[in-house]
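Work through these exercises with the structure in view. Try each task before you read its solution.

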Amino acid sequence: MIAAAGLCGAAIFDASNSGALESEIQLDLSSPLSGWEPVSGRWDVEEVLGASKGKALVQRATGNDFNVIVAPGGPYADVDVAVRFKPISGQEDASAGIVFRFSDGRYYVIRANALEDNFNLYYYDRGRRQISSSRVKAPALGRWHKLRIVAEGDRLKGWLNDELLIDHRDSRYSTGQIGLWTKADSITAFDDLIVKPISGR
């Protein structure tokens with residue numbers, strides 16, 4: 001079931017950036033969201049302890065293989081995306097991910113899991129397939145952490161809590177939208193989503 005209750009959105013454009021980065025886009029996950037596309041899952045804005053503005057976007061569906069919501073804006077070819085996440089609960093899975101180059105249901109996702117000591121990059125095309133992985137201490141349940149991806153051409157880099165853990169080349173998807181992701185029974189909060197399109201490559 002896809003639930004879109006309470007989804008609204010706000011984007012703040014910061015023109016102060018220069019160089020290879022175009023305007024930074026800050027997507028406010030503390031306000032009702034507008035322009036977002038829930039592909040699967042139950043996404044809503046809730047009060048969450050430790051959220052930067054007191055509220056965050058929370059995914060609460062527990063019966064799907066994967067839960068995806070696509071952000072407004074894009075498509076982006078080369079992009080730098082960061083988000084804070086808080087794994088709240090989950091017995092089968094307690095994960096959070098950034099979806100990027102989403103197009104026609106196909107996408108890349110980089111994800112962390114509070115129940116596993118790995119940090120993985122996948123592509124999805126009617127099924128999820130792992131393309132890179134790194135060993136890492138599992139991010140603690142009930143605490144805020146940070147995910148970041150940088151995609152430039154075929155080079156895909158991923159950070160967890162500001163540590164570069166994945167640096168991989170893959171060229172199957174070249175452009176698309178960005179979004180957020182969880183798996184199975186993960187209940188996860190997301191906050192402070194920042195998108196920086198990269199130009200001048």
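## Exercise 1: Confidence

Task: State the average pLDDT of the protein chain, then find where pLDDT stays under 50.

Solution. This is a predicted model. Start with the average: the protein chain has a pLDDT of 89. Next, take the share of residues that score at least 70, which is 88%. Over residues 1-21, pLDDT stays under 50. For that stretch the model has 56 contacts beyond four places in sequence.

## Exercise 2: The whole chain

Solution. Begin with the elements. Next, check the contacts between residues at least 6 apart in sequence. Of these, 67% join residues at least 24 apart. Finish with the surface. The protein chain exposes about 8,900 Å², and 44% of that comes from carbon and sulfur atoms.

## Exercise 3: Around strand β15

Task: Find how many bridges join β15 to β6 and to β8.

Solution. Locate β15 at residues 177-183. Six of its seven residues are buried. Take β6, residues 66-70, as one partner: β6 and β15 are antiparallel and share five bridges. Here F66 stands opposite K183. Now take β8, residues 95-103. It runs antiparallel to β15, with four bridges between them. Two facing pairs can be picked out here: G97 stands opposite W181, and V99 stands opposite G179.

## Exercise 4: From β8 to β9

Task: Say whether β8 is mostly covered or mostly open, then name the bridge partner of I98 in β9.

Solution. Count the buried residues in β8: eight of nine, so the strand is mostly covered by the under 20% cut-off for buried. Move on to β9, residues 106-113. Seven bridges join β8 to β9, and the two run antiparallel. In β9, I110 is the bridge partner of I98. Last, inspect the hairpin of β8 and β9. Two residues lie between its strands, and D104 has a positive phi near 55°.

## Exercise 5: Around strand β4

Task: Which residue of β6 stands opposite P38, and which residue of β5 stands opposite E46?

Solution. Find β4 at residues 37-47. β4 pairs with β6 in the antiparallel sense over three bridges. In β6, I69 stands opposite P38. Then go to β5, residues 55-59. Five bridges join β4 to β5, again antiparallel. In β5, A56 stands opposite E46.

## Exercise 6: Backbone exceptions in loops

Task: Which two residues does a cis peptide bond join, and where do R126 and N161 lie?

Solution. Now look for exceptions. The bond between G74 and P75 is cis, with omega about 5°. P75 sits in the loop between β6 and β7.

Next comes R126, with a positive phi near 60°. R126 is in the loop between β10 and β11. Its relative accessible area is 71%, so R126 is exposed.

End with N161, whose phi is near 50°, also positive. N161 lies in the loop between β13 and β14. Its relative accessible area is 39%, so N161 is partly exposed.

Note on methods:
Residues numbered from 1 in each chain as written. Predicted model: local features only at pLDDT ≥ 70, side-chain atom pairs only at ≥ 80, totals over all residues. Heavy atoms only, no water. pLDDT = per-residue confidence, 0-100. Contact = heavy atoms within 4.5 Å. Buried < 20%, exposed > 50% of the residue type's maximum accessible area, 1.4 Å probe, protein only. Pairing = 2+ DSSP bridges. Areas by Shrake-Rupley, 256 points an atom, 1.4 Å probe, with all protein chains shown as cover.
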